[in-house]
Amino acid sequence: MTLLPVDTDVLEDVCRDIAQDNYGFIYVSDQKGEIKSAYESSDVGFVNARSLSVSDMRKALAEMATDEFVDVEQLRDGVFYVDPFGVKGNMNITRELTNLFGQRLVVTGETLRSRFSLAIDDMEFFADELAERNYLRRITAGKRDYYTIGPQLKEHADDVGLDSRLEREASDGKIAHSDLENVIDVDATSDVIRYLDREGYIVDLDGEYLVEEALDEYARYLAEEIEDAVEAVFEDSSYVLQTNEFDRVVENEIESRFDVLSQARSVRRELLESTADTLVDRLGLEAGREMVEAVDPFEDVAEDHARRIRTDLKADQEQLPGTLPEWVELAEEYFEELHVSNATAVNEYVRDAVRERYRELVNEEEFGGMAE
């Protein structure tokens with residue numbers, strides 16, 4: 001029988017080290033030898049017991065669990081828990097979860113229990129600990145719980161998680177129902193799909209799903225599908241549209257081909273904006289607050305109008321102007337005759353561009369670029 005007290009400071013350190021390697025859990029019946037060996041090899045001083053019996057170990061741990069200043073929690077007889085996360089988190093847990101969710105999108109509680117070698121009775125406690133720290137997200141499906149990666153863990157995991165996995169599995173920003181079932185790979189597929197839809201990972205498109213993380217990819221697909229039609233609208237509009245008209249054209253062309261804008265109302269605005277941005281890049285457009293211009297062909301339009309006006313003015317004048325401002329002033333009636341649209345703002349935009357190009361052209365060809 002031990003006459004001297006157990007050194008609880010040393011025992012706490014020993015248990016903390018062991019718990020760190022066992023995801024926070026101490027199973028006295030399984031680890032008593034390890035605890036005893038580590039304790040007896042430590043410097044416990046002369047006023048504490050240098051050897052440790054199993055009964056002393058259990059008694060000391062139970063007493064430590066009641067001390068508010070000692071970070072040991074008793075879960076049940078012979079089972080204790082030492083918070084393994086600390087300030088930076090336990091990397092063993094992070095590593096195991098990252099590896100697990102790198103292979104599976106959704107896992108069962110039994111998978112977690114097996115992965116961490118936990119007793120059956122400790123599974124719920126451990127899952128609650130991980131969920132509270134946002135290492136896991138719980139998906140309740142009927143009477144069972146499933147788990148997926150949480151936001152805190154994603155900070156440590158590259159390209160791991162629901163959104164990343166769905167993005168990888170998506171084609172043109174979408175995933176078929178059968179492919180989604182294969183990715184989920186648990187019994188409660190419909191419950192998990194409802195969870196993914198509710199939490200904003202996917203949008204149901206009747207038999208296939210829009211992956212929100214791949215929204216830009218789907219927008220690129222839409223842009224490719226409507227590109228020719230949008231380009232034709234620009235051709236019929238002297239290669240310039242009012243910004244709000246451009247937005248309407250994009251929306252109308254999508255709606256004439258797809259039901260996605262009515263089905264995916266939660267991301268409708270983002271989808272339209274992303275598709276418009278993609279078209280701006282693909283068609284070489286320049287988007288301003290008021291106008292969207294197809295830069296190269298619009299420059300050609302301005303060039304053609306400017307040259308025609310210069311030719312017409314020279315043909316109509318018996319004596320050519322002597323200064324550049326006179327050339328511009330005499331051409332004003334020709335500028336005002338330009339009507340390429342029913343929209344006044346578009347006509348003014350075209351006239352300003354033609355006027356500027358005309359001024360440059362006259363300066364170059366009539367004054368050798370020397371006029372102000």
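Is Asp-206 buried or exposed? Asp-206 counts as exposed, because its relative accessibility is 66%; here exposed means over 50% relative accessible area, buried under 20%, and partly exposed in between (1.4 Å probe, protein chains only). This is a predicted model, in which local features need pLDDT of at least 70, side-chain atom pairs count only at pLDDT 80 or more, and totals for chains, interfaces and linings use all residues. Residues are numbered from 1 along each chain as its sequence is written, and side-chain values use heavy atoms, with hydrogens and water left out.

View 1. Asp-206 sits in the loop between β8 (202-204) and β9 (208-211). Helices (H or I, at least four residues) and strands (E, at least two) are DSSP runs, numbered from the N terminus. Ser-238 is buried, with a relative accessible area of 16%.

**View 2. Helix α11 against helix α12.** Helix α11 covers residues 215-235, and helix α12 covers residues 243-255. They pack at an angle of about 130°, with axes 10 Å apart. Axes are lines fitted to C-alpha atoms, for helices over the stretch in contact, and angles run from 0 to 180 degrees between N-to-C directions. The two helices are therefore oblique to each other. Angles under 35 degrees count as roughly parallel, over 145 as roughly antiparallel, 65 to 115 as roughly perpendicular and the rest as oblique. From α11, Leu-222, Ile-226, Ala-229, Val-230, Val-233 and Phe-234 take part in the contact. From α12 come Phe-246, Val-249, Val-250, Glu-253 and Ile-254. Contact means heavy atoms within 4.5 Å. By class, ten of these residues are nonpolar, none is polar and one is charged. Ala, Val, Leu, Ile, Met, Phe, Trp, Tyr, Cys and Pro count as nonpolar, Asp, Glu, Lys and Arg as charged, and the others, Gly among them, as polar.

View 3. Beyond four places in sequence, Phe-246 touches Val-230, Phe-234, Leu-241, Ala-276, Leu-279, Val-280, Leu-285 and Val-292. In soluble globular proteins, nonpolar side chains tend to be buried together.

**View 4. Val-233 in helix α11.** Val-233 is partly exposed, with a relative accessible area of 23%. Not counting residues up to four places away in sequence, Val-233 touches Leu-241 and Val-249. Asn-134 is 99 residues from Val-233 in sequence and 50 Å away in space, C-alpha to C-alpha.

**View 5. Helix α3 with helix α1.** Helix α1 (residues 8-21) packs on helix α3 (residues 54-65) at an angle of about 90°, with the axes 11 Å apart. That makes α1 roughly perpendicular to α3. Thr-8, Leu-11, Glu-12 and Cys-15 of α1 meet Ala-60, Leu-61 and Met-64 of α3. The contact has five nonpolar, one polar and one charged residues.

**View 6. Helix α3 with helix α2.** The axes of helix α2 (residues 28-40) and α3 come within 10 Å and cross at roughly 105°. Helix α2 is thus roughly perpendicular to α3. On the α2 side are Val-28, Ser-29, Lys-32, Ile-35 and Lys-36. On the α3 side are Val-54, Met-57, Arg-58 and Leu-61. Five of the contact residues are nonpolar, one is polar and three are charged.

**View 7. Phe-125 in helix α6 (residues 123-132).** Leaving aside neighbours within four places in sequence, Phe-125 is in contact with Phe-25, Glu-73, Leu-75 and Tyr-81. Phe-125 and Leu-75 are 50 residues apart along the chain, and their C-alpha atoms are separated by 8.9 Å.
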